[in-house]
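Visitor: I'd like to learn how to read a model like this one. Could you walk me through it?

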Amino acid sequence: RTIESLGSLRSRTVIVRCDLNVPLSDGAIGDDGRIRASLTTIRELREAGARLVLVSHLGRPKGAPEARFSLRPVAERMAELLGAPVGFVGETVGPEAESAVAALADGDVLLLENLRFNPGETSADPAERRAFAGRLAALGDAFVSDGFGVVHRSQASVTELAQLLPSAAGRLVAAELAVLRRLTDEPERPYTVVLGGSKVSDKLGVISHLLERVDTILVGGGMLFTFLAAQGHDVAASLLEEDQLDTVRGYLAEAERRGVRIVLPSDVVVAAAFAPDAAHEVVAADAIASSSFGATGIGLDIGPDSAAEFARRIADSATVFWNGPMGVFEMEAFAHGTRAVAQALADTSAFTVVGGGDSAAAVRALGFADERFGHISTGGGASLEFLEGKPLPGLEVLA
Ligand code: 3PG
């Protein structure tokens, strides 16, 4: 259901579930992409004369307030980006929130404090979630679900709340779905997926699903060492998920059977320690244990030959989906692989989608403008689960 299905919104109080989960350190916002991405719906609802009550989570507090997870800095940044005041109250439900909502005029915007400061938001008990959703629902007349990054979560403000008020998907959710459907419904070939990030265990579902659909998978990031180990190579002190070795071997065999190319790096950057100024050198991917750092060497990036090869393969593709950095891009010495992949995506005329908080943060931190990519998804887990073909509870309730 789209916003149109809600009818006239003039003078109605609309609760908007956003995903404003941005990286914060000491109150300073890192990548504000998720705030920017939420503005389309907010602007449209303001123009329609609605009174907006925005709700979101930030981080993973455990059901009680924690100052470092307050959304207050987000309200300030949003006001700058929106060019209009964004009110803020330091609670999600309660008398202060109620009087702030009651004081809203048409077009006003109010952000409530972090949903996850309330145990009911993420409770495993549906009755507790329903009770909390009921308190949220009492604040508004309609609900717009626009936090694409959380549609894979069964949480009070995502699922239960949608059942208590007239509800619709916001513009961000609709736009994300339109793009991701292009990847699942007949993507133009060759279709290449670039997978990185630290853990292969986070990507198991998506890898097995992709094996049925793609031509090539390029593997980088911390997870590549579990792939190398599965091929029998000694990865020294690099990140290794021993309990995934058999699964990864199964994927390699399955890929071969299906004619899908899984491309592993031929060289890697190995460092003496996990630190920005650590001594490091490039070695062949099958000789990590023979670096100058011996058994203590840690692989922190793909090597330059691999980065060039990944870039070539991206250039030869018609569709590219990228999830997960190739190395520890936050440290300049280990950012080359991620930068090369980002550059290759930015340069190609292929349809490109960057999925996931980390990859989105990486391309922006490395100085690439959003416009250089077909689409930068605001959802990490959500976009992967969509590509896996899993039902997304936050979307099912809106169907
Ligand atoms: C994300 O960062 O992927 C979303 O904001 C969801 O956050 P969560 O993984 O803590 O539910």
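Visitor: Where is the place of Arg153?

Guide: Arg153 sits in the loop between strand 7 (142-145) and helix 7 (160-164). Helices (H or I, at least four residues) and strands (E, at least two) are DSSP runs, numbered from the N terminus. Residues are numbered from 1 along each chain as its sequence is written. This is a predicted model, where local features need pLDDT of at least 70 and side-chain atom pairs count only at pLDDT 80 or more, while totals for chains, interfaces and linings use all residues.

Visitor: Is Arg153 buried or exposed?

Guide: A residue is buried if 20 or more other C-beta atoms lie within 10 Å of its own, exposed if 12 or fewer, and partly exposed in between, with C-beta atoms placed from the backbone. Arg153 is buried because 21 other C-beta atoms lie within 10 Å.

Visitor: Which residues does UniProt list for "binding site"?

Guide: Arg153 and Asp19 are among them, and the entry is unreviewed. Such annotations may be inferred rather than shown by experiment. Asp19 lies in the loop between strand 1 (13-17) and strand 2 (24-25), and is buried, with 26 other C-beta atoms within 10 Å.

Visitor: What does Asp19 touch, not counting residues up to four places away in sequence?

Guide: A contact means that two C-beta atoms, placed from the backbone, lie within 7 Å. For Asp19 the partners include Arg34, Ser56, Phe148 and Thr378.

Visitor: How many residues has the largest nonpolar core?

Guide: A nonpolar core is a set of buried Ala, Val, Leu, Ile, Met, Phe, Trp, Tyr and Cys residues joined through C-beta atoms within 7 Å. Here the largest has 122 residues, and Leu111 is one of those with the most contacts inside it. Helix 10 (residues 224-230) gives the most to this core, with 6 residues. Leaving aside neighbours within four places in sequence, Leu111 is in contact with residues including Val74, Ala75 and Met78.

Visitor: Which residues of helix 3 (residues 72-82) are buried?

Guide: Val74, Ala75 and Met78 are the buried ones. They share one side of helix 3, because they cover an arc of only 100° around the axis. That arc is taken from the directions from the helix axis to the C-beta atoms. Among the elements covering these buried residues are helix 1 (33-37) and strand 6 (109-112).
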